[in-house]
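Subject: Structure handover

Hello,

The structure you asked about is below. Please look through it first, then read the notes that follow.

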Amino acid sequence: MPIENVDTDQIIPARFLKATERKGFGDNLFRDWRYESDNTPKKDFVLNNPIYSGKILVGGKNFGSGSSREHAAWAIYDYGFRCVVSSFFADIFKNNSLNVGILPVTVSPAFLDKIFTAIEADPKAELVVDLSAQSITIAATGESESFDINSYKKHNLMNGYDDIDYLQAMKEEIKQFADKSIY
Amino acid sequence: MSIKPATLFDKVWDSHVVRKIEDGPDVFFIDRHFIHEVTSPVAFLGMEGRGLKVMFPEKTFATADHNTPTINQHLPVADPLSANQLKALETNSGKYGISHWGLGNPKNGIVHVVGPENGITLPGMTIVCGDSHTSTHGAFGAIAFGIGTSEVEMVLSSQCIMQPKPKKMRINVNGKLGKGITPKDVVLFIISQLTAAGATGYFVEFAGEVFENMTMEGRMTVCNMSIEMGARGGMIAPDETTFNYIKGREKAPQGEAWEKSLAYWKSLKTDAGATFDIEYNYNAADIEPMITYGTNPGMGIGITKNIPTSEVAGGSKSSYEKSLHYMGFNEQEPMLGKKVDYVFIGSCTNGRIEDFRAFASIVKGRKKADHVTAWIVPGSHIVEQQIREEGILDILTEAGFQLRQPGCSACLAMNDDKVPAGKYAVSTSNRNFEGRQGPGSRTLLASPLVAAAAAVTGVVTDPRELIA
């Protein structure tokens, strides 16, 4: 999806945020880019083209800008993606992704171009993301780049831990801190 | 021993770090947490699944706003899904002892309007909400930003979230704003200069004469849109304007507590010699009434200018062309004179009393253009009350406008206030994304003055021509 500034209203439009449970959001992922107003799939949209498949979503610069709705990350996860690659992510989207178990991989603009070129040449082109080695590789050419993730988050993702567990384990420390708060 | 000069942001951030994790985020303490019906139900479900309770219910405040109707609020909400979300907020708040201002409550309104209005928002606080426009509260010298639902669950259950400390940016605007130039124009101008991603990774301090001379409501408009340039949040050092605004509000400190707070608040400013990772300077004289022509808030220009070419606008040519195609615009066309179908004044960006005063100043003695549908939506019941008491309602009615009831309304069009496909809306809200105001809708972001000028002329009009 070589489009810049893919915002959270495109990922999941506000009218689909009315659920009180976290399920079924994948059906409405990219709703208005994916379907006509009469719900027929738009043929030229990438998710409707059976030639493309996989667990890695590749997007243009400033992916996930806009609202804080975690529903955007839920929709991407629910659809089946586990990793999003871009040259630049919006902050809140990046946090939300990590919190729901999606790995956001930030690559250089030049490497992003290489990925899009590889996909254009062969829609079946394989991308390999190795969290442990913090590397992303275009299988056909062997071109590779390393990506950043802090060791705390990496440890969480690899072991299935989350921040809530961590915070629960330090509640006494938090309580002491709160006792000194002026607010 | 000399103390290292610190920025306002450093002072507030560093005093809220409970624990630093090596090569990881800070465990960050939250003073105030706002919740609403859309991003909280799943957080409560998650907590229940883990058997957790709300740690400090008195630090969280609930209001219904995103998904509420703006007419007939006394009737049951017709959409069963919306009604279900509102019910969930009420039930969860009741169950855990969280203060809840639901539909029909006299304090109800948009979360970022009612927080400051009732003195819940104070300088030096850390404030979060599952809504990106939480940055609004930065106007008081607070660190305020939007979070996701997992983080809402963290705050409910532990009053903390895990956050890497952002980098620091200062934006200085000096000089004097011209006639008809509002805080909305200032922030749209800044975003047009920096782009919609220009401040991603940063927390912004707005400084300089323009912000010093701005009212609190104006400062809220500016900080509100910090997120639209990608910033984590924006803040402005508290001063006499801030203290005067807060004093006497219901939940503000009183008596001795007030004096003590005031002494602390006065220390909340960036020390001379403190440094930022990046700094920008702009001149107030360069700012015109602004309007957007594209599908992100960075695509804005002075209202008298023509739509730039993709080369001038920068970024990817195909994304730019996609955007103009969606809007039905062409490069180098003027914005002035473009037909407007809808006008929306309201939202957490421009839904406060000063915004309606500005709107009324142009509408007074004129008539709404026949083909324009206008939605006039106050940010809260208190604002609605002010509109009535100040005679603004009479001016609006005389000119052919109707006042609606408070809520987020057409800003995100979760309720029935949707702009139809292909129609143009001049909107005082904060986002012009594709379909933001309804599937296929086309949004032109602008100030309340530009919105008023469009409402009475039916086309994009420079409001300066209508100011006496």
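A polar contact is a pair of N or O atoms within 3.5 Å; within protein, one must be able to donate a hydrogen and the other to accept it, and residues adjacent in sequence count only if both atoms are side-chain atoms. By that rule, 32 residue pairs are in polar contact across the interface of chain B and chain A (both at pLDDT 80 or more).

This is a predicted model, where local features need pLDDT of at least 70, side-chain atom pairs count only at pLDDT 80 or more, and totals for chains, interfaces and linings use all residues. Residues are numbered from 1 along each chain as its sequence is written, chains are lettered from A and ligands numbered from 1 in the order in which they are written, and side-chain values use heavy atoms, with hydrogens and water left out.

There are five salt bridges between chain B and chain A (a side-chain nitrogen of Lys or Arg within 4 Å of a carboxyl oxygen of Asp or Glu). One of them joins R19(B) to E173(A), with the closest N and O atoms 2.6 Å apart.

Chain B puts 74 residues into the contact and chain A puts in 55 residues (contact means heavy atoms within 4.5 Å). The buried area between them is about 5,200 Å², and carbon and sulfur atoms give 59% of it (accessible area, 1.4 Å probe, that two parts lose on being put together, summed over both). On the side of chain B, the most area is lost by R19(B), R50(B) and M162(B), together 10% of what that side buries.

Within chain B, 75% of the contacts between residues at least 6 apart in sequence join residues at least 24 apart. The C-alpha atoms of chain B fill a box of roughly 60 × 55 × 45 Å along the principal axes.

Regards
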